[in-house]
Amino acid sequence: MIDFASLIELELDFSEEDVAFADRKQLLQLIESVENSVHKLTSSFQIGNALKNGIPVAIVGETNAGKSTLLNALLHDEKAIVSDIHGTTRDAIEDTINLQGVSFRFIDTAGIRDTSDRIESQGIELAYKKLDQASIVLWVIDSTSPNKKTADLGKNIFPHIQDKKLILVFNKSDLLSTKEKQEKEQLFAEKPFDRIFISARQNEHISELENLIVTSAQLSNIDNNDIVVTNARHYEILIKSLDTIHRVQQSLNDGISADFIAQDIREIIHYIGEITGEISTTDILSNIFSKFCIGK
């Protein structure tokens with residue numbers, strides 16, 4: 001970016017003289033190199049966040065569907081209180097576990113239902129917030145519950161799962177006949193959701209569910225030499241930089257004046273400086289004098 005800024009500043013300073021420091025093609029190559037680097041960094045944030053905090057997996061569903069029992073089965077620990085009383089879980093319960101070398105942060109949420117209980121209502125509101133924050137959603141469905149009730153609950157859940165991986169977890173499947181399972185499989189058949197039948201209480205098909213969760217993570221491979229972004233503030237700064245870089249690329253292609261491009265370049269350098277430390281005018285001038293035969 002300092003090289004790019006140097007060339008743009010020289011173009012502005014010597015615009016009236018017949019001196020060429022770089023053509024637009026060279027500037028495009030430079031900014032494309034920067035774009036590739038920044039894009040790679042922003043793309044690494046998903047795995048960086050997973051390495052640092054664990055991939056957030058929200059466990060949602062109606063009351064008494066077996067969410068807390070499933071959390072305990074996944075954690076191999078009695079972390080959550082299990083009860084037949086509706087509304088037992090009123091707050092989000094979180095814990096982290098490593099599955100096949102990947103860290104996951106499981107979040108058991110309050111059962112979603114209509115209620116007049118003020119405290120339980122706050123828990124349900126928190127459940128939706130955790131659903132919004134999750135990367136993977138396990139919708140635990142009571143297999144003994146009527147299909148219409150499940151379909152109605154879907155109207156509340158689906159608006160919160162944009163760009164997320166949703167897995168339909170049909171719990172208590174040990175209580176179903178083969179025909180009843182086939183009927184359950186038709187629920188939301190038009191949607192491309194993964195689905196699995198389990199019994200959390202009997203610990204049936206939990207390992208298969210774990211495999212499905214790991215597959216759903218879709219993490220890219222990294223090697224020891226890759227730089228991975230784990231800081232959310234750095235990620236936001238890089239996203240802002242990337243937006244401005246794209247504007248510079250468009251300006252170069254459209255033949256926009258160097259004055260406007262220079263302003264965008266200064267903005268990018270400002271953003272990057274928030275991560276690396278301030279990049280000053282002195283840095284750019286030193287680069288100019290070291291690389292170009294310019295009199296002071």
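The paragraphs below go through the confidence, the sheet and the helix packing of this predicted model.

The protein chain has an average pLDDT of 80, and 82% of the residues score at least 70.

An open sheet is formed by six strands, in the order β2-β3-β1-β4-β5-β6, with mixed pairing. Strands β2 (93-99) and β6 are the edges, each pairing on one side only. From one strand to the next, the twist averages 25°. F170 stands opposite F197 in β6.

Helix α4 (residues 67-75) packs on this sheet and touches β1 (55-60), β2, β3 (102-108), β4 (136-142) and β5. The direction of α4 makes about 155° with that of β3. Helix α6 (residues 147-157) lies across β1 and β4, and runs at about 160° to β4.

A further contact joins two helices. The axes of helix α2 (residues 24-43) and helix α9 (residues 232-254) come within 10 Å and cross at roughly 155°. Because angles over 145 degrees count as roughly antiparallel, α2 is roughly antiparallel to α9. Their crossing is left-handed. Residues making the contact include L27, L28, I31 and V34 of α2 and L238, I239, L242 and I245 of α9. By class, the contact of α2 with α9 has 13 nonpolar, six polar and three charged residues; R24, E32 and E35 of α2 are among the residues that make the contact.

Technical notes:
Residues are numbered from 1 along each chain as its sequence is written. This is a predicted model: local features need pLDDT of at least 70, side-chain atom pairs count only at pLDDT 80 or more; totals for chains, interfaces and linings use all residues. Side-chain values use heavy atoms; hydrogens and water are left out. pLDDT is the predictor's confidence in each residue, from 0 to 100. Axes are lines fitted to C-alpha atoms, for helices over the stretch in contact, and angles run from 0 to 180 degrees between N-to-C directions. Helices (H or I, at least four residues) and strands (E, at least two) are DSSP runs, numbered from the N terminus. Angles under 35 degrees count as roughly parallel, over 145 as roughly antiparallel, 65 to 115 as roughly perpendicular and the rest as oblique. A crossing is left-handed if the near helix is turned anticlockwise from the far one by less than a right angle, and right-handed if clockwise. Contact means heavy atoms within 4.5 Å. Ala, Val, Leu, Ile, Met, Phe, Trp, Tyr, Cys and Pro count as nonpolar, Asp, Glu, Lys and Arg as charged, and the others, Gly among them, as polar. Two strands pair if DSSP finds at least two bridges between them.
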